[in-house]
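Here is a short report on one protein chain. Please keep the sequence and the coordinates open while reading.

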Amino acid sequence: MRGLFTLQTLSTQKIQEIIDLALAFKGGKSSKKYPGKKMATLFFENSTRTQYSFQTAMINLGISVIGFNASASSVNKGETLYDTVRTFESLGMDGVVIRHSKDDYYKELENIKMPIFNGGDGAANHPTQSLLDLMTIYEEYGHFAGLKVCMIGDISHSRVAHGDLEIMKRLGMEVYISGPSEFNDGCAPYLTMDEAIEKCDVIMLLRVQFERHQEKMKMTVSEYHKLYGLTEERVNKMKKNAIIMHPAPINRGVEIADSVAECEKSRIYKQMTNGVFVRMAVISMVLDGNL
């Protein structure tokens, strides 16, 4: 299979190449175009940033974008994921972006020959989100080794956390987690919220994914915000050059105070901007046979 499914199979050198190309696109130093190419975005879960960021990246590269409405498709007639993807391949697509609720869904698509870009699979992987997070950190600090990062919140349900943690460790970053014990799956050393605020260079907040919970959260939203939310008081205790990140969408007043979401330390909207350039880089490298 061709495309991008997970960062676990990529070397740190290849990941740096993607980031470098994304920075070149952002800085106007690369203007690659792929006229005549057509790609589809197949999203079986709701999405704003990932779906439209990919579409914007395609438009910037001169690629025609084909949309897909799962609720109005033959999926409702029982069509399998494979047959849906195979249909778009038969229609002449040069690639598809897929988001699906099933972990590792792409393993069912081994016979597909067109490139597939993983826009998120269950709670397992979200490779372009991890790449845009890394790009944002690299822009800020110019390196990865030795930086301390803490991911705070709904770790167990987060494909962002699971994807980021693995590659951040390989890049030499010190990675920690924090949040309610019910969301702690032991994937990294634990810090209290206050320890994380004082120690870390990057505070990565994660959305409480109520839609993935099998049981109701054990605390109220207001209790969560008091114990684990990023408030102005906590921001004032962060290291001088530390930054705030969040994959979004933001639950304002839950994991982050409304007044903090766009404060001086916040890089949340910069992450969104960088997502377009990372996805341009990934698409370009795959179409050129370099990924």
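Start with one side chain in this predicted model. Methionine 168 touches Leu134, Ile137, Val149, Met151, Met173, Val175 and Met204, leaving out residues up to four places away in sequence. A second, separate core of 22 residues includes Ile197, Ala242, Ile250 and Ile256.

**The main core**

Which residues have the most contacts inside the largest nonpolar core? They are Ile137, Met168 and Ile283, in a core of 56 residues. Helix α9, residues 268-287, gives the most to this core, with 10 residues. In soluble globular proteins, nonpolar side chains tend to be buried together.

Valine 278 is also placed in helix α9. Is valine 278 buried or exposed? Its relative accessible area is 1%, so valine 278 is buried. The cut-off for buried is under 20%. Setting aside neighbours within four places in sequence, valine 278 is in contact with Ala22, Thr128, Leu131, Leu132 and Met135. Phenylalanine 144 is 134 residues apart from valine 278 along the chain, and their C-alpha atoms are separated by 17 Å.

**Overall dimensions**

The protein has nine helices and nine strands. Its C-alpha trace spans about 55 × 45 × 30 Å along the principal axes. For 291 residues, a compact globule would have a radius of gyration near 19 Å; the protein has 19 Å, so the two agree. Buried residues make up 56% of the 291 residues. How many of the contacts between residues at least 6 apart in sequence join residues at least 24 apart? The share is 73%.

Strands of a sheet pair through backbone hydrogen bonds, either parallel or antiparallel. Strand β6 covers residues 148-152 and pairs with β7 in the parallel sense over five bridges. Cysteine 150 stands opposite tyrosine 176 in β7. The chain crosses from β6 through helix α5, residues 159-170, to β7. This β-α-β crossover is right-handed. Strand β7, residues 174-178, is mostly covered, with four of its five residues buried.

β6 also pairs with β8, in the parallel sense, over four bridges. Valine 149 stands opposite valine 202 in β8. Strand β8, residues 202-205, is covered on both faces. Val202 and Met204 are buried on one side, and Ile203 and Leu205 are buried on the other. Three bridges then join β8 to strand β9, residues 243-245, and these two run parallel. Isoleucine 203 has isoleucine 244 in β9 as its bridge partner.

**The five-strand open sheet**

What is the strand order in the open sheet of five strands? The order is β1-β5-β4-β2-β3, with parallel pairing. β1 (3-4) and β3 stand at the edges with a single partner strand each, so one side of each is left without a neighbour in the sheet. Inside the sheet order, four bridges join β2 to β4, which run parallel. Alanine 40 has valine 96 in β4 as its bridge partner.

| Strand pair | Sense | Bridges |
|---|---|---|
| β6 and β7 | parallel | five bridges |
| β6 and β8 | parallel | four bridges |
| β8 and β9 | parallel | three bridges |
| β2 and β4 | parallel | four bridges |

Helix α3 spans residues 81-90, and its buried residues are Leu81, Thr84, Val85, Phe88 and Glu89. Why do they line one face of the helix? Seen down the axis of α3, they fall within an arc of 140°, so they line one face. What covers these residues includes β2 (38-43), β3 (64-66) and β4 (96-100). Glycine 92 follows α3, and its phi is positive, near 95°.

Glutamine 51 is placed in helix α2, residues 49-60. Its relative accessibility is 11%, so glutamine 51 counts as buried. Leaving aside neighbours within four places in sequence, glutamine 51 is in contact with Thr41 and Phe43.

Note on methods
Residues numbered from 1 in each chain as written. Predicted model: local features only at pLDDT ≥ 70, side-chain atom pairs only at ≥ 80, totals over all residues. Heavy atoms only, no water. Core = buried A, V, L, I, M, F, W, Y, C linked by side-chain atoms within 4.5 Å. Buried < 20%, exposed > 50% of the residue type's maximum accessible area, 1.4 Å probe, protein only. Contact = heavy atoms within 4.5 Å. Arc of directions from axis to C-beta. Pairing = 2+ DSSP bridges. Right-handed = clockwise from strand over helix to strand, strands pointing away. Rg over C-alpha atoms; globule rule 2.2 N^0.38 Å.
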